[in-house]
Amino acid sequence: MTQLAPAPAATDPDTPESLLGLNEHQQAAVRHPGGPLLILAGPGSGKTRVICHRIAWLVHAGNVPADRILGITFTNKAANEMRERVAALVGNRGAKPTLCTYHSFCARILRADGRHIGIPPDYVVYDAADQLKAASLALDNLNYDKNSITPRSLVRRIGDWKNQMRTPEKIRGNPTPEEYRDAMLVDGYEEYEKVLQKASALDFDDLLLRAVGLLKKHEPVRRRYAARYRHVLVDEYQDTNTAQYLLTHLLARDHRNVCAVGDPDQAIYGWRGADIENIRKFESDFSERTVVNLERNYRSSGKIVAAAAALIGHNFDRADKTLWTARAPGAAIEYLRTGTDLTEAAAIADIVRAEPAAPRQTAVLYRTNAQSRLVEDLLRRAEIPYHIVGNIRFYERKEIKDALAYLKVIVNPHDDVSLRRIINAPPRGIGPRSIEKAAGAAPPQEEEETLFTHAEGHAGGTSLWSGLNEGCATGRLTGRALEKMQTFLDLIDRMRANAGSEDVAGIVHGAIGRSGYLRKLENENSDESVDRIENLMELVAAAEDYQEAAERPTLADFVNRQSLLSEADEGDGPNDAQVWLMTLHAAKGLEFPTVAIAGVEEGLLPHQRSLDGDAAALEEERRLFYVGITRAMDRLVVTTTEQRRQWGSVKSLPESRFLEEAGLIGPWDADTPDDQIP
């Protein structure tokens, strides 16, 4: 392992601005001259600051052109924060580094070079709701019973396979025992891919899968991107999946200037494909690596850090690092055990009332979303404003999904899922029978060479748009059915024609108005319709904000950005609310003066699934509690209850083993009766 170079004193008047205020280990990471660098950064250790200062150091001291630097993270919020910090250090003039999420970076690659593997530049991105509809169509095409295989279960399994870079062909060629039994799901996967291909659409996982495939199959393209980005910095490396891991290595293979920042102790996303082994094997992947440990926590009080360190010490196969802080011990961690989940919620509400009414003062964290309801009810009754993360998000509201479907069809009318969504939104009297009659007998016809026209596994077929137009032209529809269908097709044609002369915000506003959607809501004249109109106007405002920020704004890019929004980017309630409610998973990367963690009980935290699984699943649950503890700056309250209502019945769940491991209760015994718990 490379030894660290001595760091200059942060108070030295000759210290460059990119090193000011950094401790010795932070400076060592920032000043690393080049080659593979692994930064193991504990919670509250200033890792985002280190990444941003390293970029500034590369530009100012390393003479690396800013546009040759790529910084990748996992959420749009984190990428925006990184851009703001780097701009403050480097300046806004001249070339800028590329700072974005994995998905948005892959979307750029495919937009520019996807043609090499049959992907056109006007492809659309299917979000979670679109995926469910595509899966439903696939199951219908196969005449499969949706009670035995639901669209949601099919989408979830496809996501698992794509995270492992497994196509239907690879699965059939070398199936696992489970995959051999799941032959119908593999058929569903293959048919789902055909639905997407016909619509010139990619789902989230495709963005990664296809980008990696492109760089693997076309060496000149890979070399061009590797040469363009001479330094690759990856935040939250412990959260990478197989495709993200491969993409990083494909970009850094030649110059090996890769900086991976992360913390194996905060790897909590294994359930969605993240592989903790990616960060664990960095040292074997790059034998010439340098490793820097950032162990000093600047966020939490001494007692909070001590509890977190004691807890995580019970995990095996950990990196050699120890979290510490120079802060005072602070207040003792509070542990409350109540009689019922209602009294638990009331105790949490009392904690909130006692805290200062300052923005983002208190966070209430829980293992599952269902736990939030009682706390929400009490906060509403007390008229305490709160912000909830992971609730119904703006872009998942029905009227917003409808508007985005219109925009997707304007970009690409062969998007069957979006076309089916809007054909009767608002109602036009076009029934399913008319749709199928118009489109069902349409013969294949020549189309532009886009998706997948020549992609592997493409089975051809005519899109719904082509079929409807053909059906109207050849007389498969007659009378009123023909009139209604032709009116709708003409509407879409006019929208697409107008899009060529309007800016993005104008297209969005025009789609909402010309479609009749806005008029329908205005005629309803209800409180709900007024709220929906306000949401649609907010979508227009979002398009205006996008236009101002984007270098080359396009409708396709705007629509795809909305599809790429993640849970951490959206919430419900004012951003300056005193109280934030969220799951432990959603709390990653945040901090609050006061944190309450509810329901730390066996079966909840750790979750029952981990108790029924292997040791690795239990260790991930322990890491999840560790993440929750380390969100607290000054005050930490942990609660459990003797009786909790779950799935319609009242259950008694023992206190979590994690409480004893963190030093919050005496020796743990899952079988100890409640009245004997100390």
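The legends below describe close-up views of a predicted model, in which local features need pLDDT of at least 70, side-chain atom pairs count only at pLDDT 80 or more, and totals for chains, interfaces and linings use all residues. Residues are numbered from 1 along each chain as its sequence is written, and side-chain values use heavy atoms, with hydrogens and water left out.

**View 1. A patch of negative charge on the surface brings together D503, E538, E544, D545 and E548.** Patches consist of residues with over 30% relative accessible area and no salt bridge, like charges being joined within 9 Å; a salt bridge is a side-chain nitrogen of Lys or Arg within 4 Å of a carboxyl oxygen of Asp or Glu. D503 is found in the loop between α22 (479-499) and α23 (504-514), where helices (H or I, at least four residues) and strands (E, at least two) are DSSP runs numbered from the N terminus. With a relative accessible area of 45%, D503 is partly exposed, a class that falls between buried (under 20%) and exposed (over 50%), with a 1.4 Å probe and protein chains only.

**View 2. R68, R83, R108, R228 and R230 form a patch of positive charge on the surface.** R230 sits in the loop between α11 (219-228) and β6 (231-234), and its relative accessible area of 34% makes R230 partly exposed.

**View 3. W161 and Y189 are shown as a stacked aromatic pair.** The structure holds nine aromatic pairs, rings of Phe, Tyr and Trp (its six-membered ring) being paired if their centres lie within 6.5 Å, with planes under 30 degrees apart counted as stacked, over 60 as edge-to-face and the rest as tilted. The ring centres of W161 and Y189 are 5.5 Å apart and their planes are at 5°, so this pair is stacked. The pair links distant parts of the chain, since W161 belongs to helix α6 (residues 151-163) and Y189 to helix α9 (residues 183-198), 28 residues apart. W161 is buried at 0% relative accessibility, and Y189 is buried at 1%.

**View 4. Y546 and F558 make a tilted aromatic pair.** Their rings lie 5.4 Å centre to centre, with 50° between the planes. Y546 is in helix α25 (residues 527-549) and F558 in helix α26 (residues 555-563), so the pair ties together parts that are twelve residues apart in sequence; both Y546 and F558 are buried.

**View 5. W324 occupies the loop between α15 (302-312) and β9 (334-340).** W324 is partly exposed, at 42% relative accessibility. W324 and V305 are 19 residues apart in sequence, and 6.5 Å separates them in space, C-alpha to C-alpha.

Note on methods. Patches are made of residues with over 30% relative accessible area and no salt bridge: like charges are joined within 9 Å, nonpolar side chains (Val, Leu, Ile, Met, Phe, Trp, Tyr) within 5 Å. Accessible areas come from the Shrake-Rupley method with a 1.4 Å probe; for residues, only the protein chains shown count as cover. Lys and Arg count as positive and Asp and Glu as negative; His and the chain ends are not counted. The place of a charge is taken as NZ of Lys, CZ of Arg, CG of Asp or CD of Glu.
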